[in-house]
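Here are my notes for you to read with the model open beside them. Take the points one at a time.

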Amino acid sequence: MSCEDFRGIAISAIISKVFEYCFIEKFSEFISTDNKQFGFKKGMGCSHAIYTVRHVVERFIKGGNTVNLCAIDLSKAFDKVNHHALLMKLMKRNLPVVLINILENWLKNCSSMVKWDCVFSYTFAVKFGVRQGSVLSPFLFAIYLDDIPVNRSLIPSSFVVMYAYDILLIAPSVSELQRLFHACEFELSCLDMCINTKKSCCIRIGPRCDVKCASISTMKGHNLPWVSEMRYLGTYIIKGRQFRCSVTNAKRSFNRSVNAIFGKVGRIASEEVTLQLVKSKCLPILLYGLECYSMLKADLHSLDFVVMRFLMKLFRTANKDIIDECRSFCNFPLPTEMLEIKSNKFCKKIKCNKSMLRYFNISVS
């Protein structure tokens, strides 16, 4: 981490949020985005994007290909939106002139100030960027990046999956991935968006995942590293013959959160209260995004084991029968039980999203 990773988030005035909500409700047809964008859409989330990536990768692997993935990280994406370029993109959507003028004045006359304790700074004009604390800004930002290219005539078998400014490129060969990366880089440069090469990386999944290959390079000559583990939307995809995720970081985060809670309440609170806190605050951290993956039995057992170790500490016993009885009494399920319920609910949501299924040619079993 560095101090550049922490930036202020603008807090919009209430009247501004009311205007934005009205705008979204009345003119939603003008701010819709392509199916490759999963962010800022009702009923869509990170899990849908991860599941889509998994499906596309597994389809390539079944065809005997080794899939190449490239995760692109953008530097200060929301803060670097060019207002003129954004308005041009809205014009291409045939947005009425009256609405263009309203948005232009809304962006042009934007000013802000910094509050530190009880002291306010002077107001200053904001000439570029969209506010992350705004209601309408996420939709405008999605429109801003909606032209990230997937030219099927030039790169017929490649895919782009986006969640807000997290961009993932998928290609069955390194050469196609390089062409797709350059096409995206060119579009981003036209939008004055800068790729953070320190956080961008590539990974290979498939039968030839261990074969050394050429690096993906930027137009400025920087090489993106090939890694064995890639962080994507809060989960960790690992290099291998099959599309799998690593649960090591999830278990580490779970232990950190459990120890933080247990360190505060310790033996002061009852076991029921502690378990309820762990169930509502810690188990979601452990199971985040795992419903999208095909989990190995060893990984599932390791998830249960890390929870059982905490329960042994809480109830001061290593007797499994006693712990199972206590879990049953407190209605505290194991991760595998919760994950099965989450997976069933998620599959039902996926089946309801017809547009995504058609766009990525996804079949749900």
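1. A word on the ground rules. This is a predicted model, where local features need pLDDT of at least 70, side-chain atom pairs count only at pLDDT 80 or more, and totals for chains, interfaces and linings use all residues. Residues are numbered from 1 along each chain as its sequence is written, and side-chain values use heavy atoms, with hydrogens and water left out.

2. Start with the largest pocket, at about 850 Å³. A pocket is an open set of points on a 1 Å grid over the protein atoms alone, where a 1.4 Å probe fits, with protein on both sides within 12 Å along at least five of seven lines; lining residues have an atom within 4 Å of a point. The volume is the space filled by probe spheres set on those points, which are joined across faces, edges and corners.

3. Who lines this pocket? There are 30 residues, with Ala10, Ile11, Ser112, Val126 and Arg131 nearest the centre. By class, the lining has 15 nonpolar, ten polar and five charged residues. (Helices, at least four residues of H or I, and strands, at least two of E, are DSSP runs numbered from the N terminus.)

4. Cys22 is partly exposed at 42% relative accessible area, while Cys209 is buried at 8%. (Buried is under 20%, exposed over 50%, partly exposed in between, with a 1.4 Å probe and protein chains only.)

5. Now the sheet: three strands, open, in the order E11-E12-E13 with antiparallel pairing. E11 and E13 (244–245) are the edge strands, each pairing on one side only. Two strands pair if DSSP finds at least two bridges between them. E11 and E12 have four bridges, and E12 and E13 have two. Met230 has Ile237 as its bridge partner in E12, and Ile238 has Arg244 in E13.

6. Finally, look closely at E11. In a regular strand the side chains alternate between the two faces of the sheet. Met230 and Tyr232 make up the covered face of E11, and Glu229 and Arg231 the uncovered one. E11 and E12 form a hairpin with two residues between them, and Leu233 in the turn has a positive phi of about 55 degrees.

Key. Ala, Val, Leu, Ile, Met, Phe, Trp, Tyr, Cys and Pro count as nonpolar, Asp, Glu, Lys and Arg as charged, and the others, Gly among them, as polar.
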